[in-house]
Every structure is written in C-alpha cells, then in structure tokens.
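Hi,

Here is the structure I promised to pass along.

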Amino acid sequence: MSSQEIPEENLPAEQGPAHGAVEGADDPFADPGLPAHQPRIQDIDERAAKRSERAVAFMFTLSMLATVGFIASYVIFPVDKIVYIWPFGHVSALNFSLGLTLGVALFAIGAGAVHWARTLMSDVEVADDRHAIEATPEVKAKVLADFAAGAEESAFGRRKLIRNTMFGALALVPLSGVVLLRDLGPLPEKKLRNTLWAKGKQLINMNTMEPLRPEDVAVGSLTFAMPEGLTEEAEDFQNQIAKAALMIIRIQPENIKDKREREWAHEGIVAFSKICTHVGCPISLYEQQTHHVLCPCHQSTFDLSDGARVIFGPAGHALPQLRIGVNSEGNLEALGDFDEPVGPAFWERG
Amino acid sequence: MSTATDTQRKAPAGERVADWADGRLGIYSLAKANMRKIFPDHWSFMLGEIALYSFIIIILTGVYLTLFFHPSMNEVVYHGSYEPMQGIKMSEAYASTLDISFDVRGGLLVRQIHHWAALIFLAGMFVHMMRVFFTGAFRKPREINWLFGFLLFVLGMFTGFTGYSLPDDLLSGTGVRFTQGAILSMPIVGTYISMFLFGGEFPGHDFVARFYSIHILLLPGIMLGLLVAHLILVFYHKHTQFAGPGRTNKNVVGMPLLPVYMAKAGGFFFLVFGIIAVIAAIASINPIWAIGPYRPDQVSTGAQPDWYMGFAEGLIRVMPGWEINLWGHTLVLGVFIPLMAFGLVLAIIAVYPFVESWITGDKREHHILDRPRNAPTRTAFGVAWITEYVIVFIGGGNDLWATHFHLSLNAISWFVRIFIFVGPVLAFIATRRICLGLQRRDKEKVLHGRESGIIKRLPHGEFVEIHEPLGPEQLHTLTAHEQYKPVEIGPTVDENGVERKVSALQKLRARLSKGYYGEDNQIAKPTVEEYKEITSGHGHH
C-alpha cells in the first residue's frame with residue numbers, strides 16, 4: 001500500500017511565514033525573523049576581551065604544565081607504589097598521577113578552546129539555505145536515460161543466457177567461503193552427552209585432591225568433586241571440568257523425597273552436576289536447612305532433597321544426578337556416567 | 001606553479017601547499033561547501049559528539065593495548081609482579097592483562113580509559129539515539145542515517161562484549177558461558193554454532209583469539225565505515241534545528257564550522273577525553289586481578305555484565321524455564337525466547353521511523369525538530385520503550401536489588417515478569433497525558449500570555465492575576481509546529497452504490513492515524529482568530 005492514497009489535505013500546511021492561516025503582517029504568529037545580535041561584553045569592552053584572552057592562554061599553559069607533570073610522574077613513581085589518597089583509598093600512585101595529569105592536560109585544552117569560541121569568536125548567527133535532497137526532474141530524467149543507454153549497450157536484458165549464468169556464478173562463488181568455515185570446529189555428535197564420569201571412577205575432593213570417603217561428607221556441608229584421573233595440568237582440563245564438576249551433600253535418607261534420588265545416593269550422600277541446567281554457570285550457593293542450591297548467575301534454585309527439581313528461576317529442568325557407591329577401599333565412586341547431558345539444554349538433548 | 005590569471009605576488013607557503021593539494025584532491029571545492037558550514041546550537045546536539053569522541057578514544061587506547069595483550073589461551077604459570085597471583089595457572093590472555101595492569105607503566109590507566117570510554121560510548125549512543133527519536137530527527141531525509149546509528153549501537157554492544165571477554169577472567173568467562181548456553185538454545189543449529197564458535201566444546205582453546213580478531217578488526221572496521229557514512233550524511237543533510245524566529249524548514253541557522261565549531265567541537269573532544277582520563281585515574285573498572293582467572297567450575301556472586309548487556313541479562317533472568325521435549329528434541333524456550341526478545345525489542349525501535357512515515361503518509365523533508373510534547377503518541381511510545389528497557393534492566397540486577405534494598409529476590413523477579421507487560425502500557429498512557437497537558441499549557445500561554453505573578457485588586461474587590469502577552473518571537477516558536485489530520489478511509493460505497501475495497505492494512509492505518517492525530521490525541525494549536533478574539537476583546541482575565 002503506498003502512501004499516495006493519502007489525500008494531501010491530511011498533511012499539515014507547508015511551513016511558511018504565515019502557517020497558511022491569515023496572510024501578511026496581520027498574523028501574530030508570523031516568523032519575526034532572526035533576532036538582532038546581542039553583543040557580549042567582550043564585543044564592546046576590550047578589557048573584558050583581554051581577560052578572556054588571558055583565561056584561554058592560562059588554560060593552554062595549564063595543559064602544558066600538566067603534560068610536564070605527566071612525564072615527571074612517569075619517571076618518578078615506581079609502577080608498584082601504592083598510596084592512600086582520600087577519599088579514593090589505597091590507589092596506585094602512578095595510575096593516579098598519570099590519569100590526573102593527562103586528564104588536566106586534555107581538559108584544559110578543551111576548556112581553553114571552548115572559552116575562546118564562546119567569548120572571543122563571532123557569535124553572530126548566520127542562516128544558510130537548504131536545498132532539496134531529491135534531484136530535479138531534469139537530472140532524474142538524464143540519469144534514467146543514461147542508465148537505459150548503458151543497460152541497452154550491455155545487452156543485459158536481451159541476452160538472458162549471460163544474465164542468468166552470471167547470477168548463478170555470483171550466487172555460487174561465496175559458497176567457497178562458507179565451506180572454508182567448516183573447520184572452525186568439530187561436529188557436535190554426542191560430545192555434549194558424555195562426561196568423564198564412568199563406572200568405578202573415584203570422586204576426588206577438589207579441596208584436598210584426595211579420594212572422597214563417605215565419612216568426609218557431613219550433613220550440612222557442600223563438597224565439590226571431580227573424576228579420578230583428571231588433573232589441573234591436563235590439556236583439556238577446562239573442557240572436562242566444565243561438564244564433570246560435581247557437588248556432593250549429605251541428607252538424612254528419610255528426608256530425601258525423591259525415590260530415585262534415594263536409590264542413587266549412598267547413605268544419604270547425593271551427587272549432582274554442579275553445572276546449572278539454565279545456561280551453564282557453576283552452582284555454588286547452598287542452603288543447609290532446606291537443601292536448596294542457588295545459581296548465583298541467574299538465581300535458578302534447585303531442591304536437592306527432591307531430585308534437584310527447579311523451584312525458582314529460569315532453569316528448565318532438574319540437575320542431573322550421578323549414581324554413586326563405595327568401592328572396596330571405602331572411597332566414593334561413580335556407578336556410571338550421568339544418564340542425561342549436563343549443563344544447558346539444546347535441541348538434540350531430547 | 002602559477003596560472004596566467006595569477007598576480008605577480010608570491011603566494012604564502014600555506015597557500016602554496018593548499019594549491020598543491022587542490023591540484024590533486026580538489027580541496028578548494030570541498031572547503032567551499034564545508035569550511036563555513038553552519039551548525040545550529042543546542043545542548044542535545046552534543047550527545048552524539050560524546051559518542052563520536054569516546055569511539056576515537058577507544059581506538060587510540062585500543063591500539064596501545066594490542067601492543068601488550070597476548071590473545072592466547074595457552075596455559076602459563078604467573079610470575080609477574082602481582083603477589084597474590086604468584087604461581088597460579090592461568091591463560092596467557094589473563095597473564096598479559098595482569099602485566100598491562102601491574103608491569104607496564106601507564107598500562108592500567110590506558111586499560112581503564114579504554115573500558116570507561118566503552119561504557120560512555122554506548123551510553124552516549126543510547127542517549128543520542130533517544131534525542132533523535134524524541135525530536136523526530138529520524139524523519140525524511142534521515143531514516144537511513146537513523147539505521148546507521150542503530151547498527152552502530154548494536155555493533156557497539158557486541159564489540160564491547162567481545163572486548164571485556166578477552167582477559168579470560170572469572171567474571172567475563174561466566175559471561176561467555178552464558179552466551180554459549182544461549183547459543184545452545186537455538187533450535188537445530190545451536191550445538192553446531194557453539195562447536196564452530198568455540199572450536200569444539202566450551203571453553204576450548206580458541207575463543208580468546210577469535211574474539212580478539214572480532215573485537216579489534218571485524219566489528220570496529222564495520223563500525224568505522226558506518227561512522228564515516230553517518231557523519232557524511234550529517235554534513236550532506238545539514239543539521240536539524242528547533243523551531244524559532246528566523247528558523248525555517250528551508251534554512252539552517254547557527255554558527256560556522258570555521259572557526260566556532262572547530263573550536264567548540266574540537267575542544268569538546270579534549271573535554272571528553274580529559275574527563276574520561278580523570279575517571280580512569282580515580283575509579284577502578286573491571287579489576288580482573290581481584291576476580292581471578294576463568295575456571296568453568298567456579299563463579300563469584302553478584303556477577304554483572306557491562307551496563308549495555310544488562311538488558312539481555314534481565315531477559316534471561318526473569319524468563320520462566322520453559323522447555324518442550326517432543327520427538328527426541330528439546331525446544332529450550334526458557335532461553336530462546338529471551339534471545340529472540342532481545343532482537344525484537346531492538347528491532348522495534350529501529351523500524352519505528354518507517355512505521356511512523358507510513359502512518360502519516362508524509363513524504364516531505366523535515367528539518368525542524370519536534371518538541372516531544374507536540375508528538376504525544378511518538379513520545380509516549382518512546383517512553384514506553386525506555387520503560388521496557390529499564391524494567392528488564394532491573395531484572396538483570398535482581399540479586400543486587402535484593403541484597404542492597406533487602407527485598408525478596410523472588411518478588412523482584414515477579415515484579416519484572418509482570419511489569420515487562422504492564423509497565424510500558426502505564427508509561428505510554430501517563431506520557432501521553434503529560435504531553436497533552438503541556439500542549440494545553442502552551443496553548444494557554446499563547447492565548448492568554450505568561451503568568452506574571454502579579455495579583456491586582458480591582459476597585460470592586462475582585463482579584464485578578466496579570467498575564468503578560470508573549471512577544472512575537474515566543475508566539476511564533478510556540479505555534480510553529482505542524483499538526484496532522486487523521487487519515488480517513490472515506491465512504492466505502494461510491495455514489496453509484498458500488499462498494500470500494502478497503503484492505504485490512506488501510507483500516508489499520510486509519511485507526512493508527514486516528515490514535516496519533518485524532519481529536520483527543522493532540523490539542524489543536526491556537527488559531528489566529530482565537531488569538532485575535534481574545535486579545536482584541538476586554539483585555540486579560
């Protein structure tokens with residue numbers, strides 16, 4: 001739908017001196033034209049102008065001094081010197097002095113220039129005409145004719161075979177660039193479904209780096225664990241811990257509401273993925289009394305006594321639980337990998 | 001060197017250099033049009049300048065930072081001068097950021113100027129954009145420049161995000177993880193994009209180097225192009241101005257570029273730079289040394305992105321965790337809807353100029369700015385949009401609101417969930433009423449004059465307040481605005497009884513037009529007859 005259908009009279013009258021109302025000098029709303037220039041004190045009084053000149057020169061001089069101060073600070077203050085400056089507290093002497101001197105050096109140039117412009121340069125307002133952006137009909141006709149001539153000479157419209165194959169070639173050629181992007185990364189495949197956890201892997205306490213024993217886990221404490229065999233020195237440590245990070249708490253078995261959770265626990269010790277199912281932040285806030293854990297990033301809250309189901313916030317599903325038991329040495333061990341992908345949900349998760 | 005028409009005098013050196021350049025670049029013709037170009041004066045026209053200058057500051061300081069920053073995720077053990085981090089494993093990116101902060105003299109200052117300038121750049125663009133919106137400066141012929149500006153704002157957000165992710169510290173890494181989680185929520189392509197962006201599983205070893213090339217080359221390159229185009233168009237269109245005596249749609253009134261704006265605008269660059277340098281001297285920003293290197297299994301509380309990402313943060317925080325599992329696939333609406341809403345809210349403000357010009361059907365050029373009150377529906381729409389932005393922004397810091405004001409986190413989230421929908425409506429209604437009230441006051445002022453504050457007692461005991469009539473300049477300024485009439489569909493049956501087709505789109509437009517310009521939706525400005533009737537009569541009352 002084009003706006004040509006709107007009748008002209010809906011548009012406001014073109015801005016004229018008389019607003020299309022009563023014509024002529026009779027119109028009280030008519031444009032009285034540019035007001036006369038009001039001279040500033042500097043325009044009349046040379047002494048005031050001199051004062052302004054000195055003020056501007058003072059600013060520029062101040063800037064020069066500040067730059068000298070900047071260089072001096074750079075030389076004088078060691079990079080690690082900390083000083084107390086009220087009210088900013090303990091700050092780096094170098095950063096503070098460099099920043100202030102640089103700030104003054106720059107600001108004074110600006111203040112001088114603006115003061116100069118405001119007090120000493122002419123402030124007479126001048127009107128410049130505007131010209132329509134649109135071309136005149138003659139220019140437009142000429143351009144269209146030129147284009148038609150050019151198009152005709154190229155035979156672009158007539159020789160359709162050339163046109164169509166050219167479009168085809170131009171459409172296909174960027175594909176090479178797209179193909180080149182293929183090696184940006186591997187295909188997802190099942191990578192997001194598995195973690196390092198497997199049957200028999202002991203739970204390593206991330207504080208002590210020792211295998212975790214059931215008696216280490218007290219009611220009301222929150223323990224973080226990672227799978228046996230993973231070390232912080234490992235090349236892929238970050239990638240592995242991003243999926244395998246585990247949090248362990250102990251709940252009185254009779255207080256565990258979810259039946260499967262109780263079965264997958266060991267004497268009330270339950271292990272859940274530490275990675276939030278919302279967008280993957282590590283969950284770290286634990287409320288002992290309620291067994292709720294809260295993700296500090298987006299406040300998703302999970303009830304660890306009830307299958308880690310979501311009780312508040314933007315997470316879409318419960319935290320995956322790791323089935324644990326105790327091995328022959330009396331250490332906690334995983335009885336398999338998580339049975340669902342950890343972390344944020346994705347299309348193939350199902 | 002000299003042409004035949006030249007006089008015998010030897011031109012001064014400056015002129016000879018200019019002659020040389022003119023012979024190759026045509027600078028005289030360029031200067032003829034631009035050297036004494038007139039710019040109108042108004043404080044709100046400086047907002048865009050703040051954005052422009054902070055962009056230049058960002059480029060200057062950014063180039064410096066590239067000299068010392070190592071965009072690598074190779075693991076190193078720190079042995080620099082910052083004691084608390086001694087012997088800790090971290091990426092080279094994080095270690096080199098520590099070096100910039102503690103070993104390079106002035107490095108911390110430049111880093112802080114760079115980051116503060118980025119915040120101010122985005123804020124400057126946002127406020128400048130609002131100035132353009134509320135004064136209708138986006139109208140023909142400036143719609144394309146509005147889009148250029150909008151793109152600069154959006155690209156600025158992503159440049160900022162990729163920039164603060166580079167140090168690979170715990171806070172920014174958490175933000176990158178959030179981004180990766182949001183990418184995963186995209187149906188079908190999510191896992192693929194995530195694998196391709198991170199070169200495998202999160203976090204991998206590639207993203208700092210990749211973000212680096214995006215942050216220092218790809219995005220700023222595009223932005224520089226857009227910025228130059230934006231400024232060329234400002235020069236080409238000539239600046240808009242507010243209505244006033246002597247100011248028409250066909251002229252531009254102000255002072256010339258040389259010397260006044262050279263000094264004022266050039267000086268303003270130094271003022272902005274100077275203030276940012278002082279801020280960087282006294283206010284620490286993003287102290288990555290206090291946060292620690294990134295570990296995907298660790299996080300700090302109260303994690304907040306830079307302010308311009310607070311809107312995205314709010315959307316993701318308050319959205320309920322909807323997930324649909326069907327046929328072995330998961331639709332992660334709880335994350336995907338916020339992702340879409342982020343784009344949608346931005347797109348709405350981007351396309352607004354085109355919607356308004358469709359409603360008005362106005363194809364004329366507009367160089368006189370509207371006072372916001374004189375475009376009540378547009379102003380109300382803009383305020384509703386800002387309200388939406390602010391409410392979601394509050395949601396982005398719901399934990400901080402809760403801890404600082406001792407409020408329930410859940411209550412804040414529910415407040416945001418409700419007011420995301422209710423807030424803009426309330427803001428729209430309230431703003432429009434305020435605008436109409438201000439229009440009425442202007443009309444009153446034109447017809448009855450300015451309240452002088454003088455109370456006069458008449459001989460028979462009545463008290464009257466003296467109103468002073470306005471001068472011709474004020475009368476003109478207050479009545480200079482245009483008022484549209486609503487679009488009418490007209491009779492749907494012509495004189496021969498033949499029915500005329502009216503499309504649903506035409507009906508919608510007529511309704512919108514009535515909403516904008518109908519009788520109750522703008523106050524008819526005083527007419528000359530009204531004015532004469534009142535002023536010629538029995539004086540003021």
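Before any counts, a quick word on terms: helices (H or I, at least four residues) and strands (E, at least two) are DSSP runs, numbered from the N terminus. Also keep in mind that this is a predicted model.

With that settled, chain B has 19 helices and ten strands. Its C-alpha trace spans about 90 × 85 × 65 Å along the principal axes. Chain B has 541 residues, and 43% of them count as buried. If you take the contacts in chain B between residues at least 6 apart in sequence, 73% of them join residues at least 24 apart.

Chain A comes with a domain assignment: domain 1 covers 41-119, domain 2 covers 137-170 and domain 3 covers 193-349. Between the C-alpha centres of domain 1 and domain 2 of chain A there are 61 Å.

Now for the bit I'd look at on screen: a sheet built from both chains. Three strands make up this open sheet, in the order 3(A)-5(B)-1(B), with antiparallel pairing. Strand 3 (126-129) of chain A and strand 1 (38-39) of chain B are the edge strands, each pairing on one side only. As a reminder, strands of a sheet pair through backbone hydrogen bonds, either parallel or antiparallel.

Taking the two pairings in turn:

- Strand 3 of chain A and strand 5 of chain B run antiparallel and are joined by four bridges. Here A:Ala127 stands opposite B:Val253.
- Strand 1 of chain B and strand 5 (residues 251-256) of chain B also run antiparallel, joined by two bridges. In this pairing B:Phe39 stands opposite B:Met255 of strand 5.

What packs on this sheet? Helix 10 (residues 257-282) of chain B does, touching strand 1 and strand 5 of chain B. The direction of helix 10 makes about 70° with that of strand 5 of chain B.

Finally, the contact between the chains: 110 residues of chain B are in contact with 91 residues of chain A. Helix 10 of chain B turns up again here, giving the largest share of the side of chain B that touches chain A, with 18 residues. By class, that side of chain B has 54 nonpolar, 38 polar and 18 charged residues.

That's what I have for now.

Cheers

Definitions and conventions:
Residues numbered from 1 in each chain as written. Chains lettered and ligands numbered in written order. Predicted model: local features only at pLDDT ≥ 70, side-chain atom pairs only at ≥ 80, totals over all residues. Pairing = 2+ DSSP bridges. Contact = placed C-beta atoms within 7 Å. Axes fitted to C-alpha atoms, helices over the stretch in contact; angles between N-to-C directions. Nonpolar A, V, L, I, M, F, W, Y, C, P; charged D, E, K, R; others polar. Buried ≥ 20, exposed ≤ 12 C-beta atoms within 10 Å, placed from the backbone. Domains from an automatic or database assignment.
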